[in-house]
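Q: I would like to learn how to read a fold. Could you walk me through one, step by step?

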Amino acid sequence: MHKGWMVAALVAVVAAPSVAQSADDFAAKVINAPLPASLSVFGLPTPPPVVRVKGVDGGKALRVAIPAADKDPWKISLSSPTTQPVAKGDRLVLAFHARASGMAPGTKAKIANASIQLANAPYTGILGQPVEVGDQFEFLQVAGRADRDYAAGELSASLQLATGKQTFEFGPLFIINLDRK
């Protein structure tokens, strides 16, 4: 797989390293399957399509149409599980490409919480925050530290999307462990 786009994305996340790192070094820090086709969406009657788009690395995005706001914004959510273990204290970054449409002019769509959380009940978050998404692709990120050791698949990225009638497009979504060798 060509990793040039992944390196560009990770350079935006990792503070300018003093020593150049290869694409393989960066790829080793990604602990999920980041491509749009590998992302899961819960709460919709049919799976959203992956579409070709301009303006995002890789040229493809997952298009998620939200029919309406819900008092529980997690009822429609996007997720991506970890594929590698995480150690207590590891610096984690959730980073993703996103844009939204269908909002009033001059406004942004809200993601109620962009987090890394337990992949199963009780779905406790270990890091996260609300984010806003405009009509042009943006590279958004949320960072924090692991509070304990986690097995591969025990954590998942989660984006809570049921905040209004709008359509999100998500390019690659990364869970990055900055302390992974």
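**Reading the fold**

A: Helices (H or I, at least four residues) and strands (E, at least two) are DSSP runs, numbered from the N terminus. This is a predicted model, where local features need pLDDT of at least 70, side-chain atom pairs count only at pLDDT 80 or more, and totals for chains, interfaces and linings use all residues. Residues are numbered from 1 along each chain as its sequence is written, and side-chain values use heavy atoms, with hydrogens and water left out.

Q: In which order do the five strands of the open sheet lie?

A: Two strands pair if DSSP finds at least two bridges between them. Here the order is β2-β3-β10-β5-β8, with antiparallel pairing. At the edges are β2 (50-52) and β8 (138-145), each pairing on one side only.

Q: How many bridges join strand β3 to strand β10?

A: Five bridges link β3 (residues 60-66) with β10 (residues 166-177), and the two run antiparallel. Look for Arg63, which stands opposite Glu169 in β10.

Q: What percentage of the residues of the chain count as buried?

A: Buried means under 20% relative accessible area (1.4 Å probe, protein chains only). Of the 181 residues in this chain, 44% are buried.

Q: And what do contacts tell me?

A: A contact means heavy atoms within 4.5 Å. Among contacts in the chain with a separation of 6 or more, 76% are between residues 24 or more positions apart.

How values were computed:
Buried means under 20% relative accessible area, exposed over 50%, partly exposed in between (1.4 Å probe, protein chains only).
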